[in-house]
Amino acid sequence: MNEVLKAIETRFSNRGFKGDKIDEDKMKAIAKAALHAPSAINRQPWRLIVINDKDIVSKLDDSALVHIKSLKDQSFYNRIMERGGKVFYDAPALYLILKEKGWRWSEMDAGIMTQNITLAAHSLGLDSVIVATADFAFQGEDSEEIKKLIKWSEPEKWEFAMGVLVGEGTNKKDPHEIDWEKVVFV
């Protein structure tokens, strides 16, 4: 099996990290892979904020948890608490993808970039998990302060698309089972 297909087949979502800082060369290689993502008419409607500072990731985690706890429906908060009380699972790094507001295909393009990040991390021996709940870190009372901290410029132009946590995982598991019933060959 070729290396790309092997990476796709063996990657899994890891929800526990050791917290060790990631080598800068690996961080840059993952960012480069993200930027190689194709986009509709090559518009590249994204901004990538790479956070390789566990203290900042922890601050985002705290902010997200406060906002989630304030939600009327407590089921999501309870689920996070059952999983250890962390939205960001003690990850040492976060790749935060912002999408261009109003561009028709920016969500799709951000999704492709997200996949590139997870596969690049896996190919470098790191674990990852896609974390849409990262958005909660930017919805609380301290959202403007948080955006300044992570250098989120031009908030009138860019909005949250997706987050990917990266690091050395504390657990290993098999990838999810595929379901051939969801495929139609014509």
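Trainee: Which residues lie nearest the centre of the largest pocket?

Mentor: Keep in mind that this is a predicted model. In it, Ile8, Glu9, Arg11, Pro175 and His176 lie nearest the centre of the largest pocket, and 16 residues line that pocket.

Trainee: And what volume does the largest pocket have?

Mentor: About 380 Å³. The elements that each give two or more residues to its lining are α1 and α5, the latter spanning 106-123.

Trainee: How does that lining split by class?

Mentor: The lining of the largest pocket has 7 nonpolar, 4 polar and 5 charged residues.

Trainee: OK, what about the second largest pocket, what's its volume?

Mentor: The second largest pocket has about 190 Å³. Its lining has 13 residues, and those closest to the centre are Phe76, Arg83, Tyr89, Val131 and Thr133.

Trainee: Which element gives the most to that lining?

Mentor: That's α4, with 3 residues. Both α4 and β3 (127-130) give two or more residues to the lining of the second largest pocket. By class, that lining divides into 9 nonpolar, 1 polar and 3 charged residues.

Trainee: Since α4 came up, at what angle do α3 and α4 pack?

Mentor: About 135°, and their axes are 8 Å apart. Because of that angle, α3 counts as oblique to α4. For reference, α3 covers residues 54-69 and α4 covers residues 75-82.

Trainee: Which residues meet there?

Mentor: From α3 you have Leu65, Ile68 and Lys69, and they meet Phe76, Tyr77, Ile80 and Met81 of α4. This contact has 6 nonpolar residues, 1 charged and no polar ones. Phe76 turns up again here, as it is also among the residues closest to the centre of the second largest pocket.

Trainee: Switching topic: how many cavities are there?

Mentor: The count is 1 cavity of 30 Å³ or more. About 50 Å³ of space lies in the largest cavity.

Trainee: What lines the largest cavity?

Mentor: Lys54, Val57, Ser58, Asp61, Asp62, Lys86, Phe88, Asp90 and Ala91 do. They divide into 3 nonpolar, 1 polar and 5 charged residues.

Trainee: Last topic, how many salt bridges does the model have?

Mentor: There are 6 salt bridges. One joins the side chains of Lys18 and Glu168, at 2.8 Å from N to O.

Technical notes: Residues numbered from 1 in each chain as written. Predicted model: local features only at pLDDT ≥ 70, side-chain atom pairs only at ≥ 80, totals over all residues. Heavy atoms only, no water. 1 Å grid on protein atoms, 1.4 Å probe; cavity = no way out; pocket = protein on both sides within 12 Å on 5 of 7 lines; lining within 4 Å. Points joined across faces, edges and corners; volume = space filled by probe spheres on them. Nonpolar A, V, L, I, M, F, W, Y, C, P; charged D, E, K, R; others polar. Axes fitted to C-alpha atoms, helices over the stretch in contact; angles between N-to-C directions. Helix = DSSP H or I, 4+ residues; strand = E, 2+ residues; numbered from the N terminus. Parallel < 35°, antiparallel > 145°, perpendicular 65-115°, else oblique. Contact = heavy atoms within 4.5 Å. Salt bridge = Lys/Arg side-chain N within 4 Å of Asp/Glu carboxyl O.
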